[in-house]
Amino acid sequence: MLGKLMKYEWKNIWKAGTLMLLGMFIVTVIGCVVLQMPGVAEFFDSNDVNGVQAWLMISSFVAILILYVIMLLASTWGMLIFLGIRFYRSMYTDEGYLSHTLPVTANQLFLSKVLVSGVWYLFISIGIGISVVALVVSLMTGLLNIGELSSVLTQYNGNIWEFLADAFYELGRTYEEEMGINLLHYGITLFLTYLAGPFIAVVTLFGALTIGQLSSKHKGFMGILTYAGVTILSSIIRSTVQSAFMFGANVMSSPGGFSVSTNSAYDINVITSLLLAAIMYGVSYYIMNRKLNLD
Amino acid sequence: MNNLVEIINLTKKYGANVAVNNLTLNLPKGKIIGLLGPNGSGKTTLIKMLNGLLTPTEGTIMIDGNYVGPATKSKVAYLPDRTYLTMNQTIREILDFFQDFYADFSRERAEEMLKSLGIDPAVKMRTLSKGTKEKVQLILVMSRNASLYILDEPIAGVDPAARDYILRTIINNYNPEATVLISTHLIEDVEQVLDEVIFMRYGQLVLYTSVDNIREEKGKSVDAYFREVFAC
């Protein structure tokens, strides 16, 4: 039954998700095209900030930047809002009368929504990542071909990817040798955060909307308030645990204290996020099994 | 065990308001039962608890030997008093959905009924009139070979011709070994099909008897007797 639930959940989400990815793709392509337009590199090279051409160039850049930031916010928040509305509608409005009378367990019902929504939110995160990389590469391709910077790229026979690999390697080495941060550890926690983050986000949201059902009135609004409350509370708890760890262990005054505290901060972030998701999942399961009251 | 539904000391409270109050009731197999009562008597609350949409404050419900859960939901066909289908889906997609989730769903029967009403399965739900949406929901519910059919106000808000169609659909399509529980205000319209009636008031059971018993002992129709019992 879990597979069937996921199939229908996918059918309900894929159109909106694909539209958002398509929007992201179009904005990214526009950004890349603008950054590679003839004259952009020359403008940066000449340092000529006067005149109509310069004004047009700066305006275009600012417009693209604003459009891009709006797109990033719209994609992440827009998708989360869409998933929240979709979850709320299918579970706690009239459509919930069908969802909750299906011959499935509460766990199957909730899990199917978390998995499918989490996968789509992950797609959006990956899309944003690819979009940022595409824009950065596009910008650098233009800039590295001009003036003194072109000599840097000459060393790499014009291969931008090789240049980026070296640049990241150098950055990593600085992190590891000069700041004492364990890069492998950092990479693994970053990967875990990136992979688990979308699922944690949807469990937190869906859990908050489910907790809102305990209210006798304005259940949707109470769900939103709960989401805000849980998000703020989890940030406070995370900061408190990190501070307690740092000061309790005197890591800042001990040799290599900065690296120890930074590495532990990543761990604490991952652990508290997973813990929050587990609690929200458990609470949702309990409410759906023992406290469900559809209006 | 001849009882299909066993309800013991069932209570549902909303704060200080008691919607269903210490109700104990057994429903047999193979009967068409009318659940009757004035507004606010607890009919819909009881129905929602039978379907697992509300959690009882106290008491238990067993359907065919199981507590309310996935096992009972696979045997109960529920028609709520609202449209619970997704409006941007076509009827065909909804048929697929029912076929996937309910092992007792007969697609052939559903398609036959749709055809007899001239409803095109390719159209989206949102394009249908209110009455047609209700008919589609009824067709979906009555195309299941369930043990218990729970119909909440199935003929409310539709014209008399549609009422006849709905009642005919119920009578012609339910599994004869199953029980049909119909909640309604329109007693006169459904009286002809009922075997038994339950009268509820203030969340409590007032009367549970057969229709024949009311006619023989009281010398009245169910509608007339209801008006007498619940006279304001």
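I count two residues as in contact if their C-beta atoms, placed from the backbone, lie within 7 Å. I also keep in mind that this is a predicted model.

**Entry: Val222(B)**

I began with Val222(B), which sits in helix H9 of chain B, residues 222–229. Is Val222(B) buried or exposed? I found 22 C-beta neighbours inside 10 Å, so Val222(B) counts as buried. I then looked up what Val222(B) touches, leaving out residues up to four places away in sequence: Ile187(B), Glu191(B), Leu194(B), Val197(B), Val211(B) and Ile214(B). I also checked Ala122(B), which is 100 residues from Val222(B) in sequence and 42 Å from it in space, C-alpha to C-alpha.

**Entry: strand S3 of chain B**

Strand S9 covers residues 196–201 of chain B, and S3(B) pairs with it in the parallel sense over four bridges. I found that S3(B) also runs parallel to strand S8, residues 179–183 of chain B, and four bridges join the two. In that pairing, Ile33(B) is opposite Leu181(B).

How many of the residues of S3(B) are buried? Five of the five are, so this strand, residues 32–36, is largely enclosed by the rest of the structure. I looked at each face in turn: Ile32(B), Gly34(B) and Leu36(B) are buried on one side, and Ile33(B) and Leu35(B) are buried on the other.

**Entry: the largest nonpolar core**

Next I looked up the largest nonpolar core, which has 109 residues. Leu148(B), Tyr149(B), Val180(B) and Leu181(B) touch the most other members. Which element gives the largest share of this core? I noted helix H8 of chain A, residues 183–211, with ten residues.

Leaving out residues up to four places away in sequence, Val180(B) touches Ile32(B), Ile33(B), Tyr149(B), Leu151(B), Ile170(B) and Tyr174(B).

**Entry: helix H6 of chain B**

At 1.5 Å a residue, its 14 residues should span 20 Å, and the end C-alpha atoms are 20 Å apart, which agrees.

**Entry: an open sheet in chain B**

I traced an open sheet of four strands in chain B, in the order S2-S1-S4-S5, with antiparallel pairing. Strands S2 (17–28) and S5 (66–67) stand at the edges with a single partner strand each, so one side of each has no neighbour in the sheet. Strand S1, residues 3–14, is joined to S2(B) by eight bridges. I noted one opposite pair there, Asn3(B) and Pro28(B).

**Entry: where the chains meet**

Last, I looked up the contact between the chains, which takes 21 residues from chain B and 18 residues from chain A. On the side of chain B, helices H2 (70–73) and H3 (91–101) are the elements that give two or more residues. H3(B) gives the most, with three residues. I sorted the residues on that side into ten nonpolar, seven polar and four charged.

Definitions and conventions. Residues numbered from 1 in each chain as written. Chains lettered and ligands numbered in written order. Predicted model: local features only at pLDDT ≥ 70, side-chain atom pairs only at ≥ 80, totals over all residues. Pairing = 2+ DSSP bridges. Nonpolar A, V, L, I, M, F, W, Y, C, P; charged D, E, K, R; others polar. Buried ≥ 20, exposed ≤ 12 C-beta atoms within 10 Å, placed from the backbone. Expected span 1.5 Å × (residues − 1). Core = buried A, V, L, I, M, F, W, Y, C linked by C-beta atoms within 7 Å.
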